[in-house]
Amino acid sequence: MLTVLAQIPDDLPERAGEIADQVKANPVLLAMLVGIGVITAFIFFWGIIKQAFKAAIFGGLLSAAAWYWYFNIK
């Protein structure tokens, strides 16, 4: 991680306005960045929902097994 941070240029905060102006001036680049942002946000939320669904199924199975075990002991 530190090697990645070491590769960031020192003048990046000063060039942020220049980079933003280049993106605004190039509609194709802007569309690509927006498209990539939307796709990655969708993938992120889909992963969260998928994991929540798996957790709900796992919890339901464990709960059903616990109740089944409880009533068979009686």
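These legends accompany close-up views of a predicted model.

**View 1. A nonpolar patch on the surface brings together Leu-5, Ile-8, Leu-12 and Ile-19.** Look for Ile-8 in the loop between α1 (2-6) and α2 (12-25). Ile-8 is partly exposed, with a relative accessible area of 38%.

**View 2. Helix α2 bends at Glu-18.** The bend here is about 25 degrees. How far apart are the end C-alpha atoms of α2? They are 19 Å apart, which agrees with the 20 Å that its 14 residues should span at 1.5 Å a residue.

**View 3. Thr-40 sits in helix α3, which covers residues 27-73.** With a relative accessible area of 46%, Thr-40 is partly exposed. Asp-10 is 30 residues away from Thr-40 along the chain, and their C-alpha atoms are separated by 28 Å.

**View 4. Four aromatic pairs turn up in a search of the whole structure.** One of them joins Phe-44 and Phe-45 in an edge-to-face arrangement, at 5.3 Å centre to centre and with 70 degrees between the planes. Both of these Phe residues are exposed.

**View 5. Trp-67 and Phe-71 form a stacked pair.** Their ring centres are 5.7 Å apart and their planes meet at 25 degrees; planes under 30 degrees apart count as stacked. Trp-67 and Phe-71 are four residues apart in helix α3, so about one helical turn separates them. In an α-helix there are 3.6 residues a turn, so residues three or four places apart point the same way.

Definitions and conventions. Residues numbered from 1 in each chain as written. Predicted model: local features only at pLDDT ≥ 70, side-chain atom pairs only at ≥ 80, totals over all residues. Heavy atoms only, no water. Patch = residues over 30% accessible without salt bridge, like charges linked within 9 Å, V, L, I, M, F, W, Y side chains within 5 Å. Areas by Shrake-Rupley, 256 points an atom, 1.4 Å probe, with all protein chains shown as cover. Salt bridge = Lys/Arg side-chain N within 4 Å of Asp/Glu carboxyl O. Helix = DSSP H or I, 4+ residues; strand = E, 2+ residues; numbered from the N terminus. Buried < 20%, exposed > 50% of the residue type's maximum accessible area, 1.4 Å probe, protein only. Expected span 1.5 Å × (residues − 1). Bend = angle between axes of the 7 residues up to and from the residue. Phe/Tyr/Trp six-rings, centres within 6.5 Å; stacked < 30°, edge-to-face > 60°.
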